[in-house]
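Here is a short note to read alongside the structure. Please keep the view open while you go through the points.

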Amino acid sequence: MNTPATLPPPAPVQQLHHYAYRARDAEETRHFYEDILGLPLYHIIQSDYVPSTGEYCPYTHFFFRLQDGSFIAFFDLGDDVAAEPSPNTPKWVNHISFRVNTVQELENTKARLQAHGIEVLGVTDHHIFKSIYFFDPNGIRLELTAQLADEFQMLQESKTAHVRLAEWNVRKEQWRRERASGQAAAPLKPQANDRPEFVPPA
């Protein structure tokens, strides 16, 4: 039996292979991702049984390819039912972001989406990148991102990530203790505000 000292090292994770969601309708989803966003339909798997669980659940599993060889994929279960959003999570939290090369490409995609009647938020400035936001036909929030920061700046950012998260964890443990004793009712706020321009004036 392996112990932590004798375990093999983690496998180097090269890239995202695919992220899968439920689709209400395969053709509606194909039209959005292939015809509007330009991601080619690349692969389909169809079966009556789920290989990982063995349960009976007929499906069509279809994949759209990104430029780096990764995929976003969907399951049409043949029932015209859409996935329900999480009841305890704001709509803006769960999303997937795709990277494009330039801010101009963000603007171009925004124009394409709007021409197809799709509501788009942005271009939003996150300082290290800019983004637009919109929903696919399945209610999935998507983001297109153009990176502004170079590799050196992102390396500098990475050097403080663990320290900042550790500070959050310490404060969250304190907040949990206060909540358990009835002293904390509001959600925990972060120790720093990286977007001070959105703080309402005092």
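1. Helices and strands are DSSP runs numbered from the N terminus, where a helix has at least four residues and a strand at least two. Please bear in mind throughout that this is a predicted model.

2. Start with the largest pocket, whose volume is about 560 Å³. Among the 22 residues that line this pocket, Leu39, Gln67, Phe98, Arg99 and Val100 are the closest to its centre. Strand S5 (95-100) and helix H2 (103-115) each give at least two residues to the lining, and S5 provides the largest share, with five residues. By residue type, the lining of the largest pocket is made up of eleven nonpolar, six polar and five charged residues.

3. The second largest pocket has a volume of about 410 Å³, and of the 16 residues lining it, Glu84, Pro85, Ser86, Gly139 and Ile140 are the closest to its centre. Here the lining divides into six nonpolar, six polar and four charged residues.

4. S5 also belongs to an open sheet of four strands, which follow one another in the order S5-S8-S7-S6 with mixed pairing.

5. Finally, look at how S5 meets strand S8 (residues 141-147): the two pair in the parallel sense over six bridges, and the bridge partner of Ile96 in S8 is Leu142.

Notes. Residues are numbered from 1 along each chain as its sequence is written. This is a predicted model: local features need pLDDT of at least 70, side-chain atom pairs count only at pLDDT 80 or more; totals for chains, interfaces and linings use all residues. Side-chain values use heavy atoms; hydrogens and water are left out. On a 1 Å grid over the protein atoms alone, a cavity is a set of points where a 1.4 Å probe fits but cannot get out, and a pocket is an open set with protein on both sides within 12 Å along at least five of seven lines; lining residues have an atom within 4 Å of a point. Grid points are joined across faces, edges and corners, and a volume is the space filled by probe spheres set on the points. Ala, Val, Leu, Ile, Met, Phe, Trp, Tyr, Cys and Pro count as nonpolar, Asp, Glu, Lys and Arg as charged, and the others, Gly among them, as polar. Two strands pair if DSSP finds at least two bridges between them.
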